[in-house]
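Keep the structure open while reading.

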Amino acid sequence: MSQSETVIEIRNLSKVYRDFWGRPKVRALNALSLDIKKGEVFGLLGPNGSGKTTTLKLLLGLLFPTEGEVKILGKSAADVSKNERIGYLPEESYLYRFLNAYETLDFYGRLFDMTAAQRKERSEKLLDLVKLAPQSRRRQLKEYSKGMTRRIGVAQALINDPDLVMLDEPTSGLDPLGNRDMKDLILDLKAQGKTVLMCSHLLADVQDVCDRIAILYGGELKVMGRVDELLKAQDETQIRSSKLSEAAEKEIQEVLQRHGATNVKVDQPTASLEDLFLKTVQESRERPGHRNVTDNQSVS
Amino acid sequence: MYFDPNEYLLNPIISVLNWVVVVGCLTFVVLFVSMVNLIATRGASGVGVFFDELGGMVTDLFQLSPRRIWALTRLTYTEAIRRKALAVFVVFGLLFMFAGWFMGDTKEIKPDQVKVYISFVLTTISWLTLPVVLILCCFGIPEDIRLRSIHTVVTKPARRVEIVLGRMIGIWLIGCLVLAVMAIVGHFWIVRQIPAESQSLLTCRVPVYGTRIDFVDREGNAAKSGVNVGDIWVFRSYIEGATKARAQWTFRNVGESLLDSDGNLNFENSFSAFRSYKGDMTRPLFYDIRLINPEKNLAYTTDPQPVNEFRHKLDTIPRKVTIDGTQYDILKDFVTDRKELHVEVSCIDREQYIGMARSDLFIRMPDRQFWMGYWKAILGIALTLLLITMIGVSASTMVKGPIAAVLTFVIYFLSLKDNHQFMDQLVFGQVQGGGFLESVYRLVMHMGPSQELPANPAFVVVKFFDWVLNNFLWLCRHVIPYSQYFNMPEFVSNGFDVPWDTSILPSLLVTSAFIIPCVLMGYFALRIRELESK
C-alpha cells in the first residue's frame, strides 16, 4: 500500500434517521464526500449533533447509509473482513463490565483468531502502552474510573495492531496527563505509518495531532484541509525572539509603525493551559511541597 | 392417571418428516419476514440486499471460526456466572433441605412413593433451570445492544452467525452446568430417601412393545376394538370373559436378547378390570396368555393368572414349554419365520371384562440400573433447555429482552401437551363452533355450535378469514415443538428406561430441526437491523 493510497473513501454519504413509522425524523448527515489517505491523522470536528459519530458508525457498518457509498481499505462497510485491519474506540468505552483487563483483551484477541501466546504477549504490551496500573488489571471493569475505562478501551482497539484506527472522542473523560498520553499515542501510531481517524469537539486535541481536519455542522461538511494551512492567519506576521529590553521593544514598535503596521502588540508569549498544567505536575513530582502561587487572593 | 408410554414414542420416519416440515416452515417464515422487513426499511433495493445477505451468510458459514465462537461462548458463560445466575442453587438447596418433611414416611416405602420422589426431583430441576435459561437467553443480546457492547464485537471480525452461535452455546452450557449439579444432588437425594431394603424399587424396566394389537370379538371374528364399557378414556378396549373375545399382540424381532438371565420370557401387564356385577370383590378377575404360531398351528396357554388391578403384574414363561407331553422351545417353535411372536390374552370370568391396550402388555427385558434412566431423563431436560435457548436467543436478536422472554415463554407454553393437542384439534377441525371469527360471532349471538349459520356474503368473508387464520395456525402448529417428545422424566418416574430409538434420537432430531432456522433468524436479524439502542 503506497503512502498516497486512499484508506477511506466516502462519496455522497447521507443518513436520515426515521421514526417507528418510517417517517424521516432527522437528517444526520448530508452528502458527505471525503478521502483519507494512508498514514495521516484525520480529525472530524464539529459541535454535538453535527454528524461525526454517525459518520464513524456508517464507516463501521453499525448504521446503514440512506444514500451514498463508503469504501474502507478497499472494501464495503458491510464487509466483515475489513475489520481484520481496523481498530475502533467507541465514544463511551462500551466494554463488558464484568471482565477484568486481561479477560477483556483476551476476549477481543480471540475474535481476531489470535493464539493464546499472541494474546498474552499483546495484552501485556498494550496494558503497558496505555499505562494501566498493574494492580488494576485483575479488577473488573465496573470498578474502573472513566479514565481507566478509556485506557482499556484504547488497548482493545489496538489488540490486532490495526492499519486503520478509528477513535471517537478519544480524550473524553481523560485528565490532562491521560490526554497527553493519548495524543502521544496517536502521534506514535502515525509514526508507525498507521492511519488514524478521530472525532472530537475538543479543538486543542485535534490541533495538536491531526494532519487534516474536516469540520461538520448540521450534518454537512463545512471546512476541510490541512490543519497548518487552515490555521495560518494570512493577513498577520508574527516575530518571536528571546526576552528584549524595554528600549529594544520600543524601537521595534517604531520600525513597524514606520512600515505601516497596525495593531502592533509587543509582549511576552503565553503557554497554553495544558502546557502549564503538565509543567506543574512534572515539577510537583520532582519537588514535592513546592508551590508557585501568583494570585494570593485565591488562596484562603 | 395411567402412564401410556406409546403416547411418547416417536416413529423415526415420522420424526424425519417432522424435521423437514419444521425446518421448511421455519426457514420460510424467517426468510419471508426478513425480506418484508428489508423492503419496508430500504425500499425496492431491499430485495437486492436480501439476496446479498443470503449470499453473505453462505460465505460466513465457510469462514466460521471455532476460536471466535468459543470466545463468545466463554463471554456468555462468564457473564452469566458473574451476574449471579448460579443463585438458583440457593432455591434448589432450600427445596431439597425441607422436601423430605412433606413427602411421606421414609421407613416404609411404596412404589408410588418412589415415583413421587423421582418426579419431584426431575420436576424441580426442570422448573428451576428453565426460567434461568429463559432469562439468560432472552436478555443477553438485547442488553449488549442497549449498552452498545455489541459495537466492540461487530467491529471485530466476528460474524453475526458466530455471535448467535456463541450466545446459544454459552447459555446452554451454563444451563447444563446448573442441570448437572442439580442432577447429581437430586440423584443422591433420591437414593438417600429410600431405605436400603426398598432400593430394588429404583429400577429401569426395559419394555419391548408389540408392534400392533388386534381384537377378536365374542363370536371369534376380527374386530377393530374390544367392548366399550363406558370408560370416558378410550385408551383401552375391554375383552369379555368366557367368550371367544381376545386381544392379539404381535411382537417383532423376538430373539435371545429378550430373554432374562435364566432364559425365561417375561411379560408384564397392567390390565384393568371391569366388573359387570359385583360378585366376590376379594377375588380377582383371571386371564390367560396364549402363545401361538399360525405357521405350525401351535399354541401354548398359561395357567389362569389374576389381574393385579392398579398395579403391574409379571408373568414368566420358561423358554422350554411342554404341550401334550412334547417339549417346545419358544424361540424356535413359536417365533415365526418373520421373527414374529403372536400372543393372545383372553378373560376367563364370565360376564366380566378386562381392559387392554397395546402398551398394557410388553416383554420385559432385563432391567437396567436406575441411574441410566435417570441420566437419560436429565438429557431430556438438557434438550428442552437447548430448544428454549435457541428460540430465546433468536427471538432476542429481533426484539427487546422482555418481549423475547414473553414470546419464548408463549412458544414453550403452547408446546405443552394439552395446548399442543388443542392446537391439533383446531387445525384439523375437530373443535365444534368453527374458526376464530365464527366462534366470536356465535358467542356474541348466543348461537350453539351445532346451529347452522345464515347463508349470506358476510359469512363467506368470515369463513375466508377463518381459513386464513387456520392455515396460520397450521404453520404455528408445525413450528412449535411438541414438548412431550422431550418428556423423558415421565418414563423414569414410572419406572421405565428411556428408549434411545424411539425417544432420545427422535428428540435430538426435533431439536436439530430448530438449529438451522434459529441461526438463520439470528443472522438475518442482526444483519438487517442497525445495532443502535432505540
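How many residues does helix α3 of chain B have, and what span does it reach from its first C-alpha to its last?

## Helix α3 of chain B

Helix α3(B), residues 66-82, has 17 residues. From first C-alpha to last it reaches 24 Å, close to the 24 Å expected at 1.5 Å a residue. That expected span is 1.5 Å times one less than the number of residues. Helices here are DSSP runs of H or I with at least four residues, strands are E runs of at least two, and both are numbered from the N terminus.

This is a predicted model, in which local features need pLDDT of at least 70, side-chain atom pairs count only at pLDDT 80 or more, and totals for chains, interfaces and linings use all residues. Residues are numbered from 1 along each chain as its sequence is written, while chains are lettered from A and ligands numbered from 1 in the order in which they are written.

Which residues of α3(B) are buried? They are Arg68(B), Ile69(B), Ala71(B), Leu72(B), Thr73(B), Leu75(B), Thr76(B), Tyr77(B), Glu79(B) and Ala80(B). (Buried means 20 or more other C-beta atoms within 10 Å of the residue's own; exposed means 12 or fewer; partly exposed is in between; C-beta atoms are placed from the backbone.) These buried residues pack against α5 (111-146) and α7 (160-193) of chain B, and also against α2 of chain A. After α3(B) comes Lys84(B), with a positive phi near 70 degrees.

## Helix pairs in chain B

Helix α4(B), residues 88-99, crosses α5(B) at roughly 160 degrees, and their axes come within 10 Å. Axes are lines fitted to C-alpha atoms, for helices over the stretch in contact, and angles run from 0 to 180 degrees between N-to-C directions. The two helices are therefore roughly antiparallel. Residues are in contact if their C-beta atoms, placed from the backbone, lie within 7 Å. By class, this contact has eight nonpolar residues, one polar and no charged. (Nonpolar covers Ala, Val, Leu, Ile, Met, Phe, Trp, Tyr, Cys and Pro; charged covers Asp, Glu, Lys and Arg; the others, Gly among them, are polar.)

Helices α12(B), residues 436-444, and α13(B), residues 457-479, pack at about 130 degrees with axes 7 Å apart. That makes them oblique. Phe436(B), Leu437(B), Glu438(B) and Tyr441(B) of α12(B) meet Val462(B), Phe465(B), Asp466(B) and Leu469(B) of α13(B). Six of the residues in this contact are nonpolar, none polar and two charged.

## Where the chains meet

The contact takes 24 residues from chain A and 25 residues from chain B. On the chain A side, β6 (86-89) and α2 (101-111) each supply at least two residues. Helix α2(A) gives the most, with four. The chain A side divides into 17 nonpolar, four polar and three charged residues.

## The chains overall

Chain A has nine helices and 10 strands. Of its 300 residues, 37% are buried. Asp181(A) sits in helix α5(A), residues 176-191. Asp181(A) is partly exposed, with 19 other C-beta atoms within 10 Å.

Chain B has 15 helices and 16 strands. Its C-alpha trace spans about 85 × 70 × 50 Å along its principal axes. Of the 534 residues of chain B, 37% are buried.

How values were computed
Two residues are in contact if their C-beta atoms, placed from the backbone, lie within 7 Å. Angles under 35 degrees count as roughly parallel, over 145 as roughly antiparallel, 65 to 115 as roughly perpendicular and the rest as oblique.
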